[in-house]
Each structure stands twice: as structure tokens, then as C-alpha cells.
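This report describes how the parts of one protein model pack against each other. Please keep the sequence and the coordinates at hand while reading.

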Amino acid sequence: MIFCKNTNTALFFNSIDEIPTKIWNHLQCENNIYFHQDFLKSIEKNHPNITFSHIVLVDENEKPTAYSSIQIVDFYMKSMQKDFDFLKKLGRQFGIIKESKPLKLLISGNTFVSGEHGLFIHQNQDKKKVIKELANAINHLVNTNKKLKNNIDAFLIKDFVRESLFITDELKKFSYNPFLVEPNMLLNIDENWLSFDNYLAAMKTKFRVKAKKAFSQSSSIKIEEVTSKNIEEFLPKMTDLYEKVAANADFNLGHFNLETYKDFKDKLGSTYILKVLILNKNVVGFMSGVITKNTLDSHFVGIDYQLNRTYAIYQRMLYHYIEIAISKKLKTINFGRTASEIKSSVGAIPQDLTMYLRHKKTITNKILKLFLQRVQPTPFQQKFPFKKQQ
């Protein structure tokens, strides 16, 4: 059901189910799993603490030109770790983020996925025009809803690669402030890697020895597929392990409900990877990922940190992602953000990501701009494990 219309440029919906089939058919976006109704509906269904909206931009003939997923979340200062101490001080000094009260944040993008997975633009569109229309539509969504107008504190549009910035920098005209976040770590799969042994053979001796050591340490670990039939057995322990990883993250926009995995496995089948690592009949880790086109995107993981060093649990996960990608003849692995150095040790290279943030109060937004200019991704030592640069 359409609840608002903005001068013939945007349609607004409260849920995925309200969007007419003809819109999806026209946009032809469902070849991308991140814009598939089943994927979006699974996230929406399992996160009742998040307010979801959906924006469909249309042209003068009311034909859909773009789609954006909107989430409204409560962002707590405690979710920022030591690398963001200066933002905490800013929050306290100017009341931007209070200890006792969350920041009500409107996000255009996917809260639980890293990368350009929140805005789909139909082919043959003027992308700069679309970005401007999206900014206007977000303003309209908030300004015409009294509850949102009173409650929303800030707006975030995420995540854009460097090649997109000449388009997305149009958001600066709407007082959005760009800032760099932790990069995605990407591994390009060499066409000569027909097996994992080929991958190992391409490595320098030091890194090949490190990989073999990780396999030796984790030799007693079994990796088992999680299916719709056995997920109930594994989910409690997986949730516990995920909580530990989330607690260690520098920056969390939202808390992922692992019950979502049930829908992913039911609806998405083999395109969604979900596996557990088992040691002595106990789950000591899990890994998840999305196969889209020729890419494997790692999603959430869970790790038993007490056993991680002894059994090389996380390293084993990284190598297993590579095994999967090679076996399925994929071209790229997106390992996502965080733990950049260890990911670079298996061959991944950083892909810069930029977000755009705007506070609704003009003066506060100007102050915020000064502080965001200081935001830099956590530095790390890039490793180069291959004999020849890829």
C-alpha cells in the first residue's frame, strides 16, 4: 500500500509485501540476491525492533527508476569501541549521542551487509539525478510523517566504492558529510586456480607454510553444512558465538537476528552458504555467505575465541571460503570488513568504502562534519602472499 507520494518522483511503502509485483518486474532487480523480495523480506520479518520503509523512485510516466531499502535503527554510543573515542567525546559535549538515549538513525542501505546493496538503479538512468531524487525522497518521507520528523536525529546513506563517489558526492549538496569506513577485503580468484592446491602453489613459501600450519591445527575440526532440517540443533550455539564476535566489533549499526538464517535457507537455497565448524561434537564456529553472480560475499561469522588460537578456527574459515569459491568457479570473494590484516594474509586487498552522514540540526551537522573529517579506517599492515602480484 502506498502511503505517500512525492511530486510524482517517489513512492513509499511500509513493507516489502506492499510493493506491487509489477514494480519488481519493471526494475528487474531480483537477479541480484540483495534486491530479491525473499532476501529483503527475511530481514524485515526477523527484525521487529527495526522500522523498515521502502522507496521506489519513478519517472514522469510513473515508471520505476530505482529502489532503496530504508531502516530506522536505534544507535547506541556503547556500540562504538575505542577507535571512535573522539566521536564519543563529541557526542557528550554537543549532545549528539547520549549515553542514556540512542541516536535515532535513518539508514538508506542494508544495515547487515557491507557494500553497495541498498540502492538499485534501473538501467539507462542518470545516476546523479537518481541520487538527488533519493535525498529529496528521504526528506519527504520524514517531513511528511510527524512521528518520524520528531524522532529522527540523523541520516546515513551507505556504502559506496571509490568509483561511485563522482555520483554519490551529489549528496554533499544536501549537507551529507562523507567519511571513510573500514574497507571491504576482496580476493580475486585466479583463473588458473582449478583447485585449492593451485591456490597454495601460487603463494610465497612463508604464507604457504602458514596455511598448512592452520590446516594442521584445525585438522580435528569438521565443517558441516547447515540446512533447514538441522538448523534448530545448531542455532543456539551459533547465536552465542555471534554475540561474542559482535561484542568485539568496533562499530555496529544493528544486531543481526540469527533466526533470519531459517528463512535464508528455506527461500534462498544453495545461494546462501551456512556452515558450522565442529570440534569434539561441539560447535566452535560458524560461517555464512551469499553467492551473487560470480562473487562469494562472506556474511556473519561466529568464533569460540578461547579455542581460536589453538585450533586456527578463523583462519580455517577464510581458507574454506576460498575452497568454496574455487570449487564453484567464482571470480571474487568479498571477505567484508574487519580483521583486514589476517584477510590480506590470504590474498585479499582493500576496497575503500564511503558513507554519508547528516544530522538534522544544521549547527550540529556542521560540527559533525569537522569531526568526521578525522575518521579514518584502522591502519593495518597489508600482506602480499603471492609470488607474483595479482
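## Basis of the description

The model is predicted, and local features need pLDDT of at least 70, while side-chain atom pairs count only at pLDDT 80 or more and totals for chains, interfaces and linings use all residues. Residues are numbered from 1 along each chain as its sequence is written, and side-chain values use heavy atoms, with hydrogens and water left out.

Helices (H or I, at least four residues) and strands (E, at least two) are DSSP runs numbered from the N terminus. Buried means under 20% relative accessible area, exposed over 50%, and partly exposed in between, with a 1.4 Å probe and protein chains only. Contact, or touching, means heavy atoms within 4.5 Å.

## Nonpolar cores

A nonpolar core is a set of buried Ala, Val, Leu, Ile, Met, Phe, Trp, Tyr and Cys residues joined through side-chain atoms within 4.5 Å. The largest one has 60 residues, and those with the most contacts inside it are Tyr 67, Leu 105, Met 238 and Tyr 261. Helix H9 (residues 231-248) gives the most to this core, with seven residues. A second, separate core of 39 residues includes Leu 277, Ile 326, Ile 333 and Val 346.

When residues up to four places away in sequence are not counted, Tyr 261 touches Ile 231, Leu 235, Met 238, Phe 256, Tyr 272, Leu 274, Phe 286, Ser 288 and Phe 300.

## The pair H8 and H12

The axes of helix H8 (residues 205-217) and helix H12 (residues 313-327) come within 9 Å and cross at roughly 110°, where axes are lines fitted to C-alpha atoms, for helices over the stretch in contact, and angles run from 0 to 180 degrees between N-to-C directions. That makes H8 roughly perpendicular to H12, a class that spans 65 to 115 degrees, with angles under 35 counted as roughly parallel, over 145 as roughly antiparallel and the rest as oblique.

From H8, Lys 210, Ala 211, Ala 214 and Phe 215 meet Gln 315, Arg 316, Tyr 319 and Glu 323 of H12.

Strand S11 (residues 282-292) is largely enclosed by the rest of the structure, because 10 of its 11 residues are buried. Strand S10 (residues 272-279) runs antiparallel to S11 and is joined to it by eight bridges, pairing being assigned if DSSP finds at least two bridges between two strands. Within this pair, Tyr 272 has Val 290 in S11 as its bridge partner. The two strands form a hairpin with two residues between them, and Asn 280 in the turn has a positive phi of about 50°.

S11 also pairs with strand S12 (residues 295-303) in the antiparallel sense, over seven bridges, and Phe 286 stands opposite Gly 302 in S12. This hairpin has two residues between the strands, and Lys 293 takes a positive phi near 55°. Asn 294 lies in the loop between S11 and S12 and, at 37% relative accessibility, counts as partly exposed. Neighbours within four places in sequence aside, Asn 294 is in contact with Leu 330, Lys 331 and Thr 332.

## Further buried sites

In helix H2 (residues 37-45), the buried residues are Phe 39, Leu 40, Ser 42, Ile 43 and Glu 44. Their cover includes helix H1 (21-27), strand S3 (51-58), strand S4 (64-75) and helix H10 (260-268).

Ser 340 lies in helix H13 (residues 340-344) and counts as buried at 7% relative accessibility.
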